[in-house]
Amino acid sequence: MVKFYSGRAARILALGLGICLANGAAQALELHAFSEDLPPYAYEENGVHRGMANEVLERIAQRAGFAVKRRNMPWARSLREAQAEPNSVLYITVRTPEREAQYLWVGPLDACDIVLMKLRRRSELKFDPSAMAPPLQIGVSRGSPSAALLRDAGVAEQFIYATPRSEISVRMLYAARLDMMAGLFLPSLYQVQRNGYDVAELHAFHTLKPGYGCYFAFNPKVDAQLLAQFRKGFEELQSSGELESLREQYLRDPERIRR
């Protein structure tokens with residue numbers, strides 16, 4: 001039997017169908033966000049995602065109305081997972097020339113200078129690749145740009161030691177199993193504090209690369225609407241002053257963790 005609907009009933013049916021389609025589209029716009037343990041930018045504490053980058057991510061998602069599924073894991077694994085998931089973002093990601101074409105970028109969150117660090121008591125250590133001798137070791141997080149920067153500066157492969165994450169490098173540095181470590185100073189300082197070491201001992205004594213910047217790095221296959229919404233949300237955080245307030249809260253006073 002063929003049923004005929006009145007104009008009012010047809011409008012109600014169309015409205016209901018529109019709502020269903022809209023809900024389906026909203027549900028499809030789920031962003032898979034991968035990060036490593038890198039305080040104060042992004043870290044997990046008692047099952048809760050914390051840090052400046054996570055706050056930015058949450059505020060953008062709330063403004064745009066899309067869902068976010070976050071996972072915190074070692075950086076090398078985050079890289080693999082993000083490559084396999086089209087609607088994904090890596091955060092925070094240092095924007096190097098080698099990575100430029102691999103991702104779609106939103107940011108920066110911070111300048112993120114890459115520096116060499118040592119313990120202050122190791123005053124005899126200088127950064128002179130031509131004078132390095134075994135068994136000197138410089139720790140780098142696996143998958144980070146630090147190793148490439150060291151090679152570019154003339155450091156031989158035998159002096160570069162890759163660790164699963166920055167926290168491991170910090171522990172090895174304080175245990176005298178590494179002589180130096182390369183990476184971001186502020187996250188390293190927070191790792192020192194979290195592990196109960198003397199934060200006054202950590203010394204950033206040489207800048208390998210200033211100002212690459214830390215960004216949200218999207219898979220190039222990400223849904224165009226999702227990326228556009230994210231970019232719009234980030235720009236709104238910038239123009240409203242919220243982003244600068246978060247920088248003040250998380251990044252501007254690293255000395256406070258020394259007290």
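This is a predicted model: local features need pLDDT of at least 70, side-chain atom pairs count only at pLDDT 80 or more; totals for chains, interfaces and linings use all residues.
Buried here means under 20% relative accessible area, exposed means over 50%, and partly exposed is whatever falls in between (1.4 Å probe, protein chains only). Residues are numbered from 1 along each chain as its sequence is written, and side-chain values use heavy atoms, with hydrogens and water left out.

Take a salt bridge to be a side-chain nitrogen of Lys or Arg within 4 Å of a carboxyl oxygen of Asp or Glu; the count then comes to 18. One of them pairs Glu 58 with Arg 70, with 3.0 Å between the closest N and O atoms. This pair ties together distant parts of the chain, 12 residues apart: Glu 58 sits in helix H2 (residues 52–64) and Arg 70 in strand S4 (residues 67–72). Helices (H or I, at least four residues) and strands (E, at least two) are DSSP runs, numbered from the N terminus. Both ends are partly exposed, Glu 58 at 30% and Arg 70 at 23%.

Arg 77 and Glu 81 also pair up, at 3.9 Å from N to O. They lie 4 residues apart in helix H3 (residues 75–84), so about one helical turn separates them. Arg 77 is partly exposed at 37% relative accessibility, and Glu 81 is partly exposed at 26%.

The bridge between Arg 165 and Glu 167 spans 3.8 Å. Here Arg 165 is partly exposed at 28%, whereas Glu 167 is buried at 11%. Finally, salt bridges link Glu 55, Arg 59, Arg 63, Lys 232, Glu 236 and Glu 242 into a network.
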